[in-house]
Number of protein chains: 2
Amino acid sequence: MDISDWRDKIDGLDEQIVRLLSQRAAAAVEIGKLKAKINVPIYEPMREQTVFDHVRSVNPGPLTDAQVQDIYERVMDVMRALQRQQP
Amino acid sequence: MDISDWRDKIDGLDEQIVRLLSQRAAAAVEIGKLKAKINVPIYEPMREQTVFDHVRSVNPGPLTDAQVQDIYERVMDVMRALQRQQP
C-alpha cells in the first residue's frame with residue numbers, strides 16, 4: 001500500500017469516528033438535560049477520571065495510554081462545552 | 001433512560017472509538033515509515049487541512065463543525081507525535 005492508499009483507509013476510519021463521536025455527543029446532551037433537571041453540575045471530575053481509566057484500559061496500541069488520554073481530554077472538554085450550550 | 005443508562009451507552013461507544021483511533025494510528029505509523037523512506041516531512045499542513053475539511057463535511061451534529069475540528073486538532077497532534085516516536 002502506498003501513502004494514498006493509507007490515506008483512503010484513514011478517511012474511511014475518520015467517517016466512522018465522527019459518527020461515533022456524534023452519537024457520544026448526543027448521549028452527553030441527554031445526560032446534560034437530566035443533570036439540569038436534578039440540579040447536578042455538568043463537570044464531574046470523578047466521572048471524567050472513570051472515562052480516562054476506561055479508555056486507557058481498552059487501548060490495544062499503537063497509541064500509548066497517555067496519548068489516548070490526551071485525545072480524550074479534548075473530547076471531554078468539547079462534550080462539556082456542548083452540554084453548556086444547550087437551551 | 002437515566003444517567004447511568006446513558007453512561008453505559010457512552011462506555012460502549014468509547015470502546016469503539018478507541019478501536020478506530022488505534023486503527024487510524026496504525027495507518028499513520030505506516031505512512032510515517034513510507035515518508036521516512038522517501039524523505040518527506042511528517043508534518044504536511046495541506047494534508048491536515050484536508051482531514052479537517054473532511055471531518056467537518058461528514059459531521060451530522062450535534063457537535064458543531066468547529067468542535068469536531070477541535071477534537072481532530074488533538075488527534076492530529078497525537079498522530080504526529082506517534083509517527084516521530086517510531087524507531
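In the predicted model, 42 residues of chain B are in contact with 42 residues of chain A, two residues being in contact if their C-beta atoms, placed from the backbone, lie within 7 Å. The elements that give two or more residues to the side of chain B that touches chain A are α1 (3-38), α2 and α3 of chain B, and of these α1(B) gives the most, with 23 residues. By class, this side of chain B has 26 nonpolar, 7 polar and 9 charged residues, where Ala, Val, Leu, Ile, Met, Phe, Trp, Tyr, Cys and Pro count as nonpolar, Asp, Glu, Lys and Arg as charged, and the others, Gly among them, as polar. This is a predicted model, in which local features need pLDDT of at least 70 and side-chain atom pairs count only at pLDDT 80 or more, while totals for chains, interfaces and linings use all residues. Residues are numbered from 1 along each chain as its sequence is written, and chains are lettered from A in the order in which they are written.

Chain A has 3 helices and 0 strands, helices (H or I, at least four residues) and strands (E, at least two) being DSSP runs numbered from the N terminus. The radius of gyration of chain A, taken over C-alpha atoms, is 16 Å, well over the 12 Å that the globule rule gives for 87 residues, so the chain is more spread out than a compact globule; the rule is 2.2 Å times the number of residues to the power 0.38. Along the principal axes, the C-alpha atoms of chain A fill a box of roughly 55 × 25 × 15 Å. Of the 87 residues of chain A, 24% count as buried, that is, with 20 or more other C-beta atoms within 10 Å of their own, whereas 12 or fewer make a residue exposed and values in between partly exposed.

Within helix α1 (residues 3-38) of chain A lies A:Val29, which counts as partly exposed because it has 18 C-beta neighbours inside 10 Å. Leaving aside neighbours within four places in sequence, A:Val29 is in contact with A:Leu82, A:Gln83, A:Gln86 and B:Pro62.

In chain B, the crossing of α2(B) and α3(B) is right-handed, meaning that the near helix is turned clockwise from the far one by less than a right angle. The residues B:Glu48, B:Val51, B:Phe52, B:Val55 and B:Arg56 in α2(B) meet B:Asp65, B:Val68, B:Gln69, B:Tyr72 and B:Met76 in α3(B), a contact comprising 6 nonpolar, 1 polar and 3 charged residues.
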